[in-house]
Structure formats: structure tokens, C-alpha cells
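Subject: Structure handover

Hello,

Here is the structure we talked about. Please open it and keep it beside this email as you read.

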Amino acid sequence: MSRPSPKTAFYTPAGLTQHPQQSVTIFPPSTPTPVPWVVYIHGGAWRDPSQTKDMGVPILRQSLPTAWGGMTLDYRLSPAVRHPTHLDDVLAALKFLVTEHGEFISHIMIIGHSAGACLALQVLATLIGERKANGDGIFMSLRDRIKVVVGIEGIYDLVKLGIEYPSYKGFISEAFGDDEELWGEASPSSFQWSRDSAFKSRIVLVQSTGDQLLSTNQTNLMNSILDDGGWKPVLKLINGGSHDATVESKALFDILGDLYKYVEGL
Ligand SMILES: N[C@@H](CC(=O)c1ccccc1NC=O)C(=O)O
């Protein structure tokens, strides 16, 4: 059966003024039964207005199984907002997905690119932390359904990023402020990744050796932190193209294809 056409929706919480970037594009599944969903979080250094949820369209159009659902999301950008607002928006979009489509979602796979990979791991860290703190129903049902998180050409340690690339300190400050201590606290690398047995998600880190904007350092670092925490992450180095080309590459689609099979076997 073919997929209904994509739809735009807004996830602004009720009672607040709608912002154009608090929006998602939904690729509805072809049948009204519970199926897995892919959620795409775009990059662009938290600030590049030319990188939007449309960056997720090639993956959703070309690699997603037709039976699955897909969502690619926008979030407000810096300098208009600062951390943790990007993350709050992403969490609001995920809550929206579960509230609106929950009965037709079996599993969720989150894919984030660059700053979006940072956000994807911040989402996971938030949901793990939240479970320990209290039991918000929507957070719990979200967390329990996230089976795979894929970080592509990701940023995971803001302090080390600034040291390796001093010229990136501009966009880091724009998004996280000038206090480098906060950069550390906000980074996925500083989260306590000791694996909670009640919550299992497969984490896959993909990095192209052709990436002109990021070396493999961020990905390697995150991989070893997750490994030390017992998460058994999967590291996929691809012999591919540039930072942005990876999200449209066959090498990535092959990796995703294997992950779709993994999720279908759960
Ligand atoms: N085009 C972006 C730059 C950018 O996206 C970027 C640069 C270096 C390392 C990672 C980047 N993006 C991550 O989301 C900008 O305008 O700031």
C-alpha cells in the first residue's frame, strides 16, 4: 500500500504562541496499525536557518520502509533562543508525536545529524534522568519505545569541539552562552552513561571520513564513553562524502536498512 502524502503540523504546547519553527513534517504510515517510526533531527550548528527539517526528507523518502511512519522536526534556532530551548523543543515535538499518533507507534528510532545528533543523545539522557527523578507518563512511554538512536557526524563534547576547532566557539557560544562550564554540563559526553537495565536502546554512531567539518574525534570519544558505560554502541565509519552529503548517501541508507530489520525483529 502506498503512503499518504506528508503533512505539516505544529507542536507548540497549548496556550503558547505558535512559532513557525515549532513544526514537524509527518510521513504517515500506510496502515492504521502500530508500526515503527523514524524521527529525524537536523543539524546546522543550532543556528543555520538554511538547515531545516527538510534535511530529513531524503532519508524518509528513500530509505524508510513504506509501512513505517516518519517525522522530521524543526526547533527554534540561536541566537533567538539558547540551550536548553532547542532540546525543550525537540522533546515537545516527540511528546506531540506520542500524543497524536501514540496508538500507532510500536517503536521509535531517532536519527540526528551533527547538532541534531547532540540533541538526540540529550533526549536520551533526559529520558533516562527523568525516569530516575519521576514518572511523567508521556516521557515514560516515549523512553520505552525508543529502540535505536543514530548519531551521524555528531557533536557530543562542546568543550573538546572548541579546543579542536577554535573557530567553532562562535556558534557554540551563540547556542550555549559564553560560560564553558555550561558547555561541559550540556554535552552528552558528560552524562552518566551507566546502562540502566530497565531501558535498552541501541546507539549507532556514523561518521564519514570525508566530513570536512568534523574529524572522527567527537564520534570516537562518544563511542568510548558509551562503551565504558556498557551501552555496546555500534561505530560505523563510512568512506563517504562531505558533512552534509552523508545524510543522502547510499552507505548511510545501507546502515539504516540493517537497523530497520533489527527493529522489525524486536
Ligand atoms: N552551516 C553552519 C555550520 C555548521 O553547520 C557546522 C559547522 C561545523 C561543525 C558542525 C556544523 N554543524 C552541525 O550541526 C553555520 O552556519 O554555522
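A salt bridge is a side-chain nitrogen of Lys or Arg within 4 Å of a carboxyl oxygen of Asp or Glu. Keep that in mind for what follows.

Some background comes before the findings. This is a predicted model, where local features need pLDDT of at least 70 and side-chain atom pairs count only at pLDDT 80 or more, while totals for chains, interfaces and linings use all residues. Residues are numbered from 1 along each chain as its sequence is written, and side-chain values use heavy atoms, with hydrogens and water left out.

Salt bridges

Side chains of opposite charge can pair when their charged atoms come close. The structure holds six salt bridges. Among them is the pair Asp144 and Arg143, with the closest N and O atoms 2.4 Å apart. Arg143 is buried at 6% relative accessible area (buried means under 20%, exposed over 50%, partly exposed in between, with a 1.4 Å probe and protein chains only). Asp144 is partly exposed, at 35%.

Another salt bridge links Arg47 and Glu174, at 3.5 Å from N to O. Arg47 sits in the loop between β3 (35–41) and α1, and Glu174 sits in helix α6, so this pair ties together parts 127 residues apart in sequence. (Helices, H or I with at least four residues, and strands, E with at least two, are DSSP runs numbered from the N terminus.) Arg47 is partly exposed at 36%. Glu174 is partly exposed too, at 27%.

Then look at Lys250 and Asp254. Their salt bridge has its closest N and O atoms 2.8 Å apart. The two residues are four apart in helix α9 (residues 250–264), so about one helical turn separates them. Lys250 is exposed, at 59%. Asp254 is partly exposed, at 40%.

A charged patch

Which residues form a negative surface patch? They are Asp178, Asp179, Glu181 and Glu185. Patches are made of residues with over 30% relative accessible area and no salt bridge; like charges are joined within 9 Å, and nonpolar side chains (Val, Leu, Ile, Met, Phe, Trp, Tyr) within 5 Å. Accessible areas come from the Shrake-Rupley method with a 1.4 Å probe. Asp179 lies in the loop between α6 (169–176) and α7 (180–186). Its relative accessible area is 40%, so Asp179 is partly exposed.

Loops and backbone

Ser63 is in the loop between α1 (57–62) and β4 (69–73). Is Ser63 buried or exposed? Ser63 counts as buried, at 13% relative accessibility. Neighbours within four places in sequence aside, Ser63 is in contact (heavy atoms within 4.5 Å) with Pro58, Phe253, Leu256 and Tyr260. Ser63 and Leu252 are 189 residues apart in sequence, yet 9.3 Å apart in space, C-alpha to C-alpha.

Two cis peptide bonds deserve a look. One runs from Ser78 to Pro79, with omega near 5°. The other joins His83 and Pro84, with omega about 10°. Pro79 lies in the loop between β4 and α2 (85–101). Pro84 is found in the loop between β4 and α2 as well.

Finally, check two positive phi values. Ser114 has phi near 60° and is not glycine. Ser114 is in the loop between β5 (105–113) and α3 (115–133), and is buried at 6%. Lys232 has phi near 45°, again in a residue other than glycine. Lys232 is in the loop between α8 (217–228) and β8 (234–238), and counts as exposed at 67%.

Best wishes

Technical notes: Lys and Arg count as positive and Asp and Glu as negative; His and the chain ends are not counted. The place of a charge is taken as NZ of Lys, CZ of Arg, CG of Asp or CD of Glu.
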